[in-house]
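Please open the model in your viewer and keep the selection panel at hand.

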Amino acid sequence: MIFPATPSQTVGPYFAIGLPWPQGPNAVDPADPRAIRISGSVLDGQGELVPDHMIEVWGASPDGRYPDVHAFGGAGPARGFRGFARCGHEGGDGTFEIVTLKPGPVPGPGGAAQAPHLAVSLFARGMLHRLVTRIYFADEPEANALDPILARIPPERRATLLAQPADAGYRFDIRLQGPDETVFLDI
Amino acid sequence: MSDVQEAPPRLWTPNDDTPTSYTREDRAVHPPMDDPGYKSTQYRHPKQPLVYVPQTLTEVTGPQLGAERVHGPLDADLTRQHEGMPVGQRLLLGGRVMDTEGKPLRGTLVEIWQANAAGRYRHRWDRWEAPLDPNFSGAGRCVTDDDGRFAFTTIRPGPYPWGNHHNAWRPAHIHFSLLGRAFAQRLVTQMYFPDDPFFDYDPIYNSIRDEQARRRLIARFDIHGTVPNWAQAWEFDIVLRGPGATPFEEAW
C-alpha cells in the first residue's frame, strides 16, 4: 500500500439534493414482466423510522451475471438491466422501495454457488460510515441452506437477511438495533 | 499428486487490470459507528459486531453510472446551472480518484452536494435562517478522466449551525460520493478547507480518530491552477481500497 485510504464521513441529512434521481430506485424497467419490487422500512434503536436514510442495492441478473462493464463477462448481461438501485427521498418517511430482477445464483468461494442475493449499502444521518448487508429470499430455502455467506452467520440471526414474499414483491425491513437487529457485514 | 481435484470452472475471465479482491477496510482510518460526541449515532449504530465475510463476485463488481447520471458539462459546473451567478468565492475543485496503490480509477462517477455561501442547503428540512441563493442548487456530477481526475466549478460553501450541542457549527464542507469500480470500494465522505475555526468542536470531523487520516479530508489550495481574476483552484485527492492479496476464488 502506497497511499492511505480516504476516511468515511456521514452522508448527512441533505443528501437528497445530490444523490437520488427519478429512475434511481429502478434497476430495471418496472414494466418488465420479470421485475420484482422490494419494499421495507429502516428502523432505529427506539423502533422509530429513519426518514433520512438512503439505500443502494447491487444484484446479478436472473442468469447470475453482474452488469459490470470492466470485467467478469464483458458487456451487460441483460438489456435495460442496471443491476443497481438507489432509493432515498427529500422528505422521506423511513420506507424504501426498489425494483429489480430476482438474481440468479452466482459463484462464491471455491466455485460453490451462492444463493440468490442482493448486496446492500445503507447510509443515513447519524451513520458515520455505510452499513453493508445482504438481501436473501425466504422462498429459496434450499439455496439458502447451502449459501457460504449465510453459513458464516449465527443461525438464529439469519432470518434478518431474508426478504419475505409479500403483496406484489418482497418485504425487507432493516433494524439498526434491538432484539431483531439486522446482520451487518464486514467485507 | 494423483488425486488432483478438477478446478471449478471459471465463469468469467477478469481483465488483467481488474482486481479480483480488495484489501479489507482499515478500521483505524474510518470513524466508529458509535460516537458519543455525535448524538445521532446513539440509536443508529449496530450493537452486534459486524460479521466478517469473504469477498465474492458480488463485492468485487459494481455499477458504472456515469452515462446515466452525467448529461453534460453543466453537471460539473455548479455556478452555471441558473440564469445568474451564485454568490460566493468561485472555486475550481479538482483531484484524483485512485486506489491505495496509486492507480487511477478511470470513468468513475463522482457526485457532490453542498450548502450555498451562506451555509444553507436547498433542502426542505434545512431550517437555518440564512438565505437560499436562487442561482445555486448545490449538486454536481462528473466522471473521472483517463488519469482518474475529476473537475468541478463551484462556490465555497459556508459553515452553518446545527443542533448537536450548544453553539455547534459544522465546518464548511462539500459532500462527496464515490462508486469506484466495485461494491467494495463505495465511499461517501466530506471535504473540508484548511484552518477552519470549527474543526476543534466538530464531532463529525473528529469522529476520525487518527489525525493524519482527518487531515486527508482537507483540500489544499493550488496556486498554479488558480485563474487570475476568476477562480481559486483547490485540490482534493480521494483514495479508495486497492487490490487485495488473493483472488476472490481463493479467499477462503
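Predicted model: local features only at pLDDT ≥ 70, side-chain atom pairs only at ≥ 80, totals over all residues.

**First stop: chain A as a whole**

Residues are numbered from 1 along each chain as its sequence is written, and chains are lettered from A and ligands numbered from 1 in the order in which they are written.

Along its principal axes, the C-alpha atoms of chain A fill a box of roughly 50 × 40 × 35 Å. A cartoon display shows 1 helix and 12 strands in chain A; here helices (H or I, at least four residues) and strands (E, at least two) are DSSP runs, numbered from the N terminus. Read from the N terminus, the order of elements in chain A is β-β-β-β-β-β-β-β-α-β-β-β-β.

Of the 187 residues in chain A, 52% count as buried. A residue is buried if 20 or more other C-beta atoms lie within 10 Å of its own, exposed if 12 or fewer, and partly exposed in between, with C-beta atoms placed from the backbone. Two residues are in contact if their C-beta atoms, placed from the backbone, lie within 7 Å. Among contacts in chain A between residues at least 6 apart in sequence, 71% join residues at least 24 apart.

**Second stop: the largest core**

Next, select Val57(A) and Ile135(A), the residues with the most contacts inside the largest nonpolar core, which has 100 residues. Such a core is a set of buried Ala, Val, Leu, Ile, Met, Phe, Trp, Tyr and Cys residues joined through C-beta atoms within 7 Å. Strand 7 of chain A (residues 117–124) gives the most to this core, with 6 residues.

Which residues are in contact with Ile135(A), leaving aside its neighbours within four places in sequence? They are Ile38(A), Val57(A), His117(A), Leu118(A), Val120(A), Leu161(A), Ala163(A) and Phe172(A).

Now select chain B, which has 3 helices and 12 strands. Its C-alpha atoms fill a box of roughly 75 × 40 × 35 Å along the principal axes. Buried residues make up 40% of the 252 residues in chain B.

Two strands pair if DSSP finds at least two bridges between them. Strands 8 and 9 of chain B are joined by 6 bridges, and Leu178(B) stands opposite Leu187(B) in strand 9.

Move to strand 2 of chain B (residues 90–99). Its antiparallel pairing with strand 5 (residues 149–155) of chain B has 7 bridges, and Gly94(B) stands opposite Ala151(B) in strand 5. Strand 2 of chain B also pairs in the parallel sense with strand 11 (residues 232–235) over 4 bridges and with strand 12 over 3 bridges. For these pairings, select Leu93(B) opposite Trp234(B) and Met98(B) with its bridge partner Val239(B).

Centre the view on Asn116(B), in the loop between strand 3 and strand 4 of chain B. Is Asn116(B) buried or exposed? Asn116(B) counts as buried because 25 C-beta neighbours lie inside 10 Å. Its contacts beyond four places in sequence include Pro86(B), Leu132(B), Phe136(B) and Pro157(B).

**Last stop: where the chains meet**

Finally, show both chains and select the contact, which takes 78 residues from chain B and 66 residues from chain A. Strand 9 of chain B supplies the largest share of the side of chain B that touches chain A, 4 residues. That side has 38 nonpolar, 24 polar and 16 charged residues. In this classification, Ala, Val, Leu, Ile, Met, Phe, Trp, Tyr, Cys and Pro count as nonpolar, Asp, Glu, Lys and Arg as charged, and the others, Gly among them, as polar.

A strand pairing also links the chains: strand 12 (residues 185–186) of chain A and strand 1 of chain B run parallel over 2 bridges. Select Asp186(A) and Tyr52(B), which stand opposite each other.
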